[in-house]
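Here's a quick tour of one model, written for someone who likes the cut-offs spelled out. Have a look at it first.

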Amino acid sequence: VAGMALARAWKQMSWFYYQYLLVTALYMLEPWERTVFNSMLVSIVGMALYTGYVFMPQHIMAILHYFEIVQ
């Protein structure tokens with residue numbers, strides 16, 4: 001049963017990856033170009049998430065202080 005669930009999950013993830021390739025037109029690129037693009041995408045998303053994690057609490061607190069929700 002666990003093997004079937006793993007196979008089904010793998011098939012679903014393969015389908016999502018195929019959709020990603022089609023929507024972004026990455027299927028036309030060579031494998032090394034696709035790797036460079038995906039690496040840059042992961043780096044940019046990672047930096048955006050880190051920046052949001054570090055700076056958003058400060059901005060939220062500033063907004064709450066401005067509207068006098070928090071003293």
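## Ground rules

This is a predicted model, so to speak of local features pLDDT must be at least 70, side-chain atom pairs count only at pLDDT 80 or more, and totals for chains, interfaces and linings use all residues. Residues are numbered from 1 along each chain as its sequence is written, and side-chain values use heavy atoms, with hydrogens and water left out.

## Two crossing helices

The axes of H1 (residues 2-23) and H2 come within 13 Å and cross at roughly 100°. Axes here are lines fitted to C-alpha atoms, for helices over the stretch in contact, with angles from 0 to 180 degrees between N-to-C directions. H1 and H2 are therefore roughly perpendicular (65 to 115 degrees). Tyr17, Tyr20 and Leu21 of H1 meet Arg34, Phe37, Asn38 and Leu41 of H2 (contact: heavy atoms within 4.5 Å). Helices are DSSP runs of H or I, at least four residues, numbered from the N terminus.

## Phe37

Phe37 sits in H2 (residues 31-66). Because its relative accessibility is 36%, Phe37 counts as partly exposed (between 20% and 50%, 1.4 Å probe, protein chains only).

## Positive phi

Most residues other than glycine have a negative phi. Ala25, in the loop between H1 and H2, has a positive phi of about 60°. Glu68, in the segment after H2, also has a positive phi, near 55°. Ala25 is partly exposed at 28%, while Glu68 is exposed at 62% (over 50%).

Methods: Parallel < 35°, antiparallel > 145°, perpendicular 65-115°, else oblique.
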